[in-house]
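Colleague: Could you take me through the charged pairs in this model?

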Amino acid sequence: MGLFNVPHMHMRVGTGITVVALQVLRYEYKKREINQENDQVVKPISRLWGTINNEYNLPVWMRKPCYKFYSWLFSCKLDEIENPDLKTYPNLGAFFYRSLKSGSRQIDNNAILVSPSDGRIISFGLVNDGWIEPIKGDSYTLSALLGRDNINNTNDSNDLEVPIHISPDNPYKWQVNKKENGLFYCTIYLAPGDYHHFHSPTNWVVESRRHFVGELFSVSPLMLKLLPDLFVLNERVALLGRWKHGFFAMIPVGSTNVGSIRINFDQALRTNQKGAAVGTYTEMSYKNTSEHVDGHGQPLRIGEEMGGFRLGSTMILIFEAPLNFKFCVTPEQITQVGRKLGEDGD
């Protein structure tokens, strides 16, 4: 069979396997580094990719064929784009962060919890004694994902940009506020062709954010099977706050060439920065600042746009709810912004 007779899906799979293999080799190499304590991990490829995507504009004649090829490769839905004139997107970064037509995503306002993004449901369930199971048989700790549990004693000052070291033996344990509640999680994978803006999954108030400096491994389902703890290795932003049942957190996780995570109401946030020390995080309080006049944090309504990624990434929700809370999704299900994720039990 000739090369041009091979289905393009096989080409995509082959490319994906190659990328994942290289990521695993890189990870194994880094585990062998001697001086881990003072390790300053620089991500030149991702930064270079980001620079090329966002700062170097394509010639006008090249834009339409380039974006059409990208759309074919990653199954982008061009009929949903707010601005269909592909020549007006100066670079791949602008095209990737494209907006959709009004009404392209319907928000289920009768639900208490909806999907914050387009993507595939990877895993969901009850946090088991501080452990999350991203895939069957493997797990990582909640404290490794979110850092220390001081949400109930958060400093009201917004001047908290001090690096805090993340210990693998973190003694802090995240707990529910009511004994009849549990902590739940849901993980959604965004493929490169998905709409990459993310929206509020519920009515809640964001009280603080934590920016975790980390790696930029691929977050594809195949990579997750090889590295089950990659979500606690990768660059991520944890938005911490409260909803009707208690604690609520939303964690956008970066991926290969996607250290750039944008939060619309946090202009101070800078991710994927050169020289930042992996294994630390900085914290910013949203309480008592001029931008958040209610004095309690950043209020958000269900379906409200919050920000976005710059390439295929992952969204994780961690939330407190009654133990009879029920998810309304299945593993591997494709979802979209605004679709119902779960409901309170009877």
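Modeller: What follows is a short tour of salt bridges. This is a predicted model, in which local features need pLDDT of at least 70 and side-chain atom pairs count only at pLDDT 80 or more, while totals for chains, interfaces and linings use all residues. Residues are numbered from 1 along each chain as its sequence is written, and side-chain values use heavy atoms, with hydrogens and water left out.

Colleague: How many salt bridges does a search of the whole structure find?

Modeller: The search finds nine, a salt bridge being a side-chain nitrogen of Lys or Arg within 4 Å of a carboxyl oxygen of Asp or Glu.

Colleague: Which residue forms one with Asp118?

Modeller: Arg105 does, with the closest N and O atoms 2.7 Å apart. Asp118 is buried at a relative accessible area of 4%, and Arg105 is buried at 15%, where buried means under 20% relative accessible area, exposed over 50% and partly exposed in between (1.4 Å probe, protein chains only).

Colleague: And Arg210 with Glu283, buried or exposed?

Modeller: Both are buried; in their salt bridge the closest N and O atoms are 3.3 Å apart.

Colleague: Switching to Asp344, what is its partner?

Modeller: Asp344 pairs with Lys244, the closest N and O atoms being 3.8 Å apart. Asp344 is partly exposed, with a relative accessible area of 27%, whereas Lys244 is exposed, at 55%.

Colleague: Which residues do salt bridges with shared partners join into one network?

Modeller: Glu80, Arg105 and Asp118 are joined in that way.
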